[in-house]
Amino acid sequence: MIPRLPPFNFLDPERIRRIILENIKVNEASIQKLIETAKSDVGWEAIIWPLESMDERLQRAMGIASHCHSVIDSKEWRDVYQHCVGAVSDYYSQLGQNRDLLQLYTQFNENSRFGALSSVRRRVVTLAMRDFRLSGIDLPESGRDRFREISRSLSKLQARFAEQVLDATEAWSLELSEPQQTEGLPEHVHRLLADNARQRSVPGLLATLDQPTYLGLMTYARDASLRRDLYQAYATKASDQGPDAGKWDNGPIMEEIMSLRHEEAQLLQFPTFAHLSIECKMASSPEQVLDFLRSLARQVRPIAEKELHELSRYAFERDGKSDLQPWDMTYYSEGLRKEKFDISQEQLRPYFPLPTVLKGMFVICQRMYGIQLKEEHDISTWHPDVVVYAIEDEKGDLLGHFYLDPFARMRKRGGAWMAGQVNRLSIGDGIEPPVAFLVCNFTPAEEGKDALLTHEDVTTLFHEFGHGLHHLLTQIDEMPVAGINGVEWDAVELPSQFMENFCWRVEALPLISGHVETGEPLPVDILNKLVAMRCFQSGIQTVRQLEFALFDFLLHLQYKPGQTSGDILELLKEVREEVAVVFPPAWHRFPHGFTHIFAGGYAAGYYSYKWAEMLSADVFSAFDEEGVFNPATGHRFLHEVLEQGGSRPAMDSFVAFRGREPEIEALLRQDGIVR
Ligand SMILES: [Zn+2]
């Protein structure tokens with residue numbers, strides 16, 4: 001098995017490849033043997049424990065390949081990763097279809113020893129059997145064949161949907177004439193336009209539909225007709241409308257995807273795909289999701305209308321503009337935002353030297369959870385920037401290790417994430433403490449100086465650290481439900497978003513900020529402005545998210561055989577009438593580019609974003625009531641949520657902490673919707 005703290009200075013990609021492939025082979029043989037011998041002795045030690053340790057071994061090896069591919073990419077690591085990721089996914093999909101294995105689980109589930117298991121172990125078995133069931137394994141022969149066919153078709157169609165969006169996005173471009181079309185553009189957008197032109201070997205400046213360019217132009221371009229053209233191209237991509245009408249039309253693909261999803265759900269005995277989606281979520285029923293979205297919409301919409309009114313007035317006073325169009329929204333919003341809050345992220349950097357922020361974050365965790373964080377100096381890492389920390393409990397016992405890789409550099413993937421490398425696992429009499437990798441992409445320090453973070457960076461660090469704590473502080477010894485494993489996907493962002501709250505609290509400022517020259521914490525009036533800026537147009541933002549979420553959910557809940565893409569658009573129109581404040585033109589084709597639900601994993605699950613925000617805001621409101629650093633509240637959160645991991649339903653953990661089910665009031669307060 002790969003050591004708990006891997007010898008990074010000796011890692012050889014070829015060797016990791018051999019270990020992964022060898023692990024797969026050994027696991028397959030062991031599972032076969034287990035099936036043959038376990039029949040007379042169906043018990044935890046005979047079936048589940050061996051499977052858990054096989055899983056851990058393979059995941060550790062694959063974890064190294066995927067991590068190195070992400071943070072020290074090279075041709076060798078990429079080859080190993082790409083080769084192995086396919087082999088590993090084949091291995092797991094065969095495991096999910098192994099009927100002999102399911103047979104063992106079923107026998108175990110039914111025998112008398114099952115009832116004597118701990119609730120944690122019973123949950124491991126229950127979740128495993130649920131996953132078997134959702135992979136169609138216990139359908140009759142013909143149903144199984146059809147299920148496999150549907151899965152294959154769906155993955156092809158979903159990939160096709162995403163490709164068409166990409167092709168349509170890349171196909172469109174517009175040469176801009178200076179100066180009339182570039183008026184108002186800041187330097188960085190100008191540079192993007194020049195880069196676009198260079199990349200496509202045309203002279204001058206080129207507008208394209210990729211995110212940074214599109215957003216840059218919609219935010220700053222003074223020329224309203226340019227914004228309109230751009231908006232139209234963006235809003236109609238991969239559809240039957242707009243400049244490339246019909247060329248990559250996703251309409252028929254959406255119809256097919258919806259029909260297959262519905263059939264898949266029905267094969268598995270669910271009335272609709274929305275019911276199937278809810279099966280693995282914290283929300284307990286489609287009605288609960290709809291209630292949540294609609295009661296949020298009822299409270300937020302009047303605020304969004306007020307914000308829109310303020311924006312219209314601003315546009316009229318500034319430019320005499322009387323009919324604000326959808327393509328004017330971002331542009332005037334930016335103007336209004338600037339007028340109200342003249343704060344830039346760059347000017348905040350001196351207040352947030354990385355060592356100060358880390359020290360403050362650790363002090364917060366010590367006060368809240370009674371844990372100690374210590375830097376370790378003798379552990380090998382993949383890059384000199386990486387620092388390793390040990391986490392110890394109040395008695396000084398080791399709880400886990402994490403590696404922090406803070407800075408952007410060549411051959412490192414962008415973004416920020418937490419990866420669990422080692423799961424908490426019981427081995428003989430002892431425990432193998434978990435290990436996590438925390439990866440960010442902050443601007444590196446100048447030679448000999450401390451790196452300085454923006455407030456957004458600080459929030460990102462707290463967010464990923466929250467995921468890390470969830471993985472590292474678990475007290476559950478069964479790997480499939482330890483830490484974030486087995487946590488419902490609409491609840492998995494709770495600890496991360498919860499930790500972000502400290503970045504917005506005046507109580508935390510003296511701990512996490514200190515001017516690089518004077519040591520002075522971030523002034524309270526600047527924080528207040530930041531908080532106000534965070535709430536700027538939160539009504540408009542929220543109803544937009546609610547529109548997407550409600551559309552996605554109803555689409556999967558109300559599916560009728562023979563539904564056309566016209567029906568899909570009709571549903572979106574109804575949803576808008578219910579929740580929206582901005583109404584796009586009739587040619588708008590938002591669904592045709594909605595990759596989250598047609599190509600990603602968010603089908604009948606887009607609501608999860610808001611749901612998790614509700615959870616984290618509601619949890620933090622307990623700290624508002626009981627004291628921001630109240631150790632009793634902190635320990636309650638530690639014991640009832642962080643330590644429990646996926647060992648019980650997330651709703652049980654939530655109720656154990658909060659004393660009731662989640663409510664939306666705290667989220668409304670956090671967004672400045674109610675006071
Ligand atoms: Zn996250």
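I started with burial: 54% of the protein's 675 residues count as buried (under 20% relative accessible area, with exposed over 50% and partly exposed in between, using a 1.4 Å probe and protein chains only).

I noted that this is a predicted model, where local features need pLDDT of at least 70, side-chain atom pairs count only at pLDDT 80 or more, and totals for chains, interfaces and linings use all residues. Residues are numbered from 1 along each chain as its sequence is written, and side-chain values use heavy atoms, with hydrogens and water left out.

Next I looked up the elements, and found 26 helices and nine strands (DSSP runs numbered from the N terminus: H or I of at least four residues for helices, E of at least two for strands). The radius of gyration is 26 Å, close to the 26 Å that the globule rule gives for 675 residues, so the protein is as compact as a globular protein of that length. That radius is taken over C-alpha atoms, and the rule is 2.2 Å times the number of residues to the power 0.38.

I then checked contacts (heavy atoms within 4.5 Å). Among those with a separation of 6 or more, 73% join residues 24 or more positions apart.

My last stop was helix α23, residues 608–626. How far apart are its end C-alpha atoms? They are 27 Å apart, which agrees with the 27 Å that 19 residues should span at 1.5 Å a residue (1.5 Å times one less than the number of residues). In α23, 14 of the 19 residues are buried, so the helix is largely enclosed by the rest of the structure. Just after α23, I found Gly627 with a positive phi of about 115°.
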